[in-house]
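Subject: Structure handover

Hello,

Here is the structure I promised to pass on. Please open it first, then read my notes below.

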Amino acid sequence: APRDAHAFRIRGCAYRTLGVEESLRGKDPRPTWKLAVDDLDEAIRLAPRSADAWGDRGVVRQKLAEWMASHGQDPGETLALGERDLSKALDLDPSNSAVLVNRGSILLERSERESAAGTDPLPTLEKALADLSEAVRLDPRQAQALNNRGLVHFNVGLRAVSRGADPVDSFRKALAEFDAALAAEPGFVFPLNNQGLVGRRLGEWQAGHGADPREAWDAALAAL
């Protein structure tokens, strides 16, 4: 059995990875992720200034929130706990680019929930953009940060559409971020898929507002 904070953290991370594998196989990962949280709780109790332990627990809760949302459950409280853990990790280690990416991702998820509930998501999107931009500053080839920053711009564009405003600038910023993510990691599938989605939405808006949509359609088709 683990005897120190490092050992509890390592086992907690192993449980986190096992839970991800279970989820991919269609098995309920929650019991395994509870074991992960229990171990990381103990790691934090033994070493309360371990930024890694706080960050790892935040990621477990982020994964759990994603699973809950995909299975029709309300992830709001779990997302909030994950955000709190990641914020504590950043208090202890402000230059941890991976934790900045993870908190930016949680904020992006929170903004989408706010939008669905009819709440203005822009303040949360601005916080997400700040985290992701700092992660890119620290590591310019951080593909996940670039991809998620593109999603922030895309969601800002969607907010503009919902208010009858012009989304073109935001959509183009999103496409540029996805290009940068693919340049940093050519095999990364998510920015390629996102390019197709944003290109389609940009083309639809342009076609409906008297602008030439061919460039946007070409971007969407190139992503297929």
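Which residues of H1 are buried? Ala5, Phe8, Arg9, Gly12, Cys13, Arg16, Gly19 and Glu22 are. Buried means under 20% relative accessible area, exposed means over 50%, and partly exposed is in between (1.4 Å probe, protein chains only).

Some ground rules. This is a predicted model, in which local features need pLDDT of at least 70 and side-chain atom pairs count only at pLDDT 80 or more, while totals for chains, interfaces and linings use all residues. Residues are numbered from 1 along each chain as its sequence is written, and side-chain values use heavy atoms, with hydrogens and water left out. Helices (H or I, at least four residues) and strands (E, at least two) are DSSP runs, numbered from the N terminus.

Helix H1 covers residues 5-24. The expected span of a helix is 1.5 Å times one less than its number of residues. Helix H2 (30-46) and helix H3 (51-70) are among what covers the buried residues of H1. Contact here means heavy atoms within 4.5 Å. Just after H1, Gly26 has a positive phi of about 85°.

H2 has 17 residues. From first C-alpha to last it reaches 24 Å, close to the 24 Å expected. Its buried residues are Thr32, Trp33, Ala36, Val37, Asp39, Leu40, Ala43 and Ile44. Seen down the axis of H2, they fall within an arc of 165°, so they line one face of the helix. The arc is that of the directions from the helix axis to the C-beta atoms. An α-helix has 3.6 residues a turn, so residues three or four places apart point the same way. On the face of H2 turned away from the buried side sit the exposed residues Pro31, Lys34 and Arg45. H1 and H3 are among what covers the buried residues of H2.

Salt bridges

How many salt bridges are there? The count is 22. The rule asks for a side-chain nitrogen of Lys or Arg within 4 Å of a carboxyl oxygen of Asp or Glu.

Asp39 and Arg11 meet in one of them, at 2.6 Å from N to O. Asp39 lies in helix H2 and Arg11 in helix H1, so the pair ties together parts that are 28 residues apart in sequence. Asp39 is buried at 5% relative accessibility. Arg11 is partly exposed, at 33% relative accessible area.

Arg61 forms a salt bridge with Asp85, with the closest N and O atoms 2.7 Å apart. This pair links distant parts of the chain: Arg61 is in helix H3, Asp85 is in helix H4 (residues 76-92), and they are 24 residues apart. Both ends are buried: Arg61 has 13% relative accessibility, and Asp85 has 0%.

Asp120 pairs with Arg159 in a salt bridge, the closest N and O atoms being 3.6 Å apart. Asp120 is in the loop between helix H5 (97-116) and H6, Arg159 is in helix H7, and 39 residues separate them. Asp120 is partly exposed at 35% relative accessible area, and Arg159 is partly exposed at 22%. Salt bridges that share partners also join Asp41, Arg57, Arg61, Arg84 and Asp85 into one network.

Rings

Rings of Phe, Tyr and Trp (its six-membered ring) pair if their centres lie within 6.5 Å; planes under 30 degrees apart count as stacked, over 60 as edge-to-face and the rest as tilted. This rule gives two aromatic pairs. Phe154 and Phe171 form a tilted pair, 5.5 Å centre to centre with 45° between the planes. Phe154 is in helix H7 (residues 143-162) and Phe171 in helix H8 (residues 168-184), 17 residues apart. Both are buried. Phe188 and Phe190 form an edge-to-face pair, at 5.8 Å and 85°. Phe188 is buried, with a relative accessible area of 10%.

One last residue

Asp131 is in helix H6 (residues 122-138). Asp131 is buried at 6% relative accessibility. Leaving out residues up to four places away in sequence, Asp131 touches Leu100, Arg103, Gly104 and Leu107.

Best wishes
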